[in-house]
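Please open the model in a viewer and follow the selections below in order.

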Amino acid sequence: MEMNKSASGPPNFLKQTEKSLDEIRYWTWSELLVALKEFQDSLPVKNSSTTLEKCLDSLVGRLALACETSPCPSSCSPDSSGIRFSCDNKSTESLKNCSSRATWVFEDLVALNPNLVEMVTKSMVSRKFNHVIISRFLFYYHKSRLIQATFDEKREITETVVNLLYCLDRTAISCKGLFGILRFASTLNMSKCFRHKLEGMIGWRMDQATLDNLLIPSPTRGSCQYDVNLVLRFLKSFLGKGISAVPLVQLEKVASLMDLYIAEAAPDPRLKPSKFLSLVTVLPDSARDSYDGIYRAMDIYLEVHAWLSEEEKVNVCSGLNFEKLSSEVCNHLAQNKKFPSKSAVQALISRHSKLKGLLPETNQIKLFIDSPCSSVDIVDTKEDKDESCQQIVLYAGNLGLSVSTENEKKIRAHLQGMQWRMVQLEKACRNMQTQMTKIMKSSRLSSHSCARSIPKLCS
């Protein structure tokens, strides 16, 4: 009462309060942690107080000092092993000190509840901490806290970590760590909002995924062996900003990964044709230089799903880009009875167009035939060329007949005939190319001798 009556009472009390708050920055690391634990045990952290904010600010300041072990910025990859802050790559001792310091700092912060961790993380982001460091801390926190947490606590921790990771730079987040969280999330009945964020982050880092990451069992009994819909959602997120926004190197890397995944999923008898086709066509044609891998997976799929109708088989085969099949695969497809006849014809058409593209090169032979300096005997070459042209015309005629014929047995017979003609045509092409090479060499010698024999008109 006497203090209240005193005119100097309130100012002294305010000064003492301000002085106490100001002294928080001089507290030790252990004192700050004890204070924060008392806060989270005594009152809801969401109702933040000035004292709590001062404690958090001082704690994050100490973290900043822990990160400043070297003037060099961190160049660590988010997927590299170990946990470390900014370290001098030239100093092995610095690396060891840095790694051990990061480890004990992370271990101390594991004791904080999700709300406090959220406040600490947001403060770290505002202070421009390296996002790789922040993401590693969050993965470490998630893994450590789940050990003794209840079901509801696990869900809260997982949702908090996913939400905080979503705010970071996508290139700073470990793809391996995200798949680790996904394994836990599948059993926690996590809300759709956080699940979509997690799947979206995995999709962004799809070029860093492995086949083992994608072989996730289907959550529904009696359906496919693997969760194909989940992989399709990953790819949708990967292509979210459009194909033009994705670097070709990443696109090709994901296409190679998908070829492996499709080969694993193809033997599943419960995989529907529509889903198989979606896996094949989800990426653009530009992502693959060759469709040989897709053909082999499709061959397995049609063998396992032999009960499919002709129309369904044609629909499945529509995912093939015949122009990007090798000659060996085209040959195999043309004789493969598991594939519909229409696909076999398309394969031969593609092979024919490739061979036809080689033939114009042989037209250069005519230039050497008409050359006055050419003294090479090319009768055989002319005969080969005429014979090849006749074979092309004959092949084209039979191809049109095969396409219009409805009887499958007759189609197969025509295909076998075309197959033989194709082999002969390839031999003719090779012969002409060999002859052209000889003519090129001979023409150089002939032109040189012709130049010598021409008399000088002017002295």
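Select helices H7 and H8, which are roughly antiparallel to each other (an angle over 145 degrees; helices are DSSP runs of H or I of at least four residues, numbered from the N terminus). The axes of H7 (residues 131-145) and H8 (residues 151-165) come within 10 Å and cross at roughly 175 degrees; axes are lines fitted to C-alpha atoms over the stretch in contact, with angles running from 0 to 180 degrees between N-to-C directions. Show side chains next: Ser135, Leu138, Phe139, Tyr141, His142 and Arg145 of H7 meet Ile157, Thr158, Val161, Leu164 and Leu165 of H8, contact meaning heavy atoms within 4.5 Å. These residues divide into seven nonpolar, three polar and one charged.

The model is predicted, with local features requiring pLDDT of at least 70 and side-chain atom pairs 80 or more, while totals for chains, interfaces and linings use all residues. Residues are numbered from 1 along each chain as its sequence is written, and side-chain values use heavy atoms, without hydrogens or water.

Now colour the chain by pLDDT, the predictor's confidence in each residue from 0 to 100. The chain mean is 76, and 64% of residues reach 70 or more. Select residues 364-405: pLDDT stays under 50 there, and the model has 49 contacts beyond four places in sequence for this stretch. Where pLDDT is low, the predicted coordinates should not be read in detail.

Methods: Helix = DSSP H or I, 4+ residues; strand = E, 2+ residues; numbered from the N terminus. Parallel < 35°, antiparallel > 145°, perpendicular 65-115°, else oblique. Nonpolar A, V, L, I, M, F, W, Y, C, P; charged D, E, K, R; others polar.
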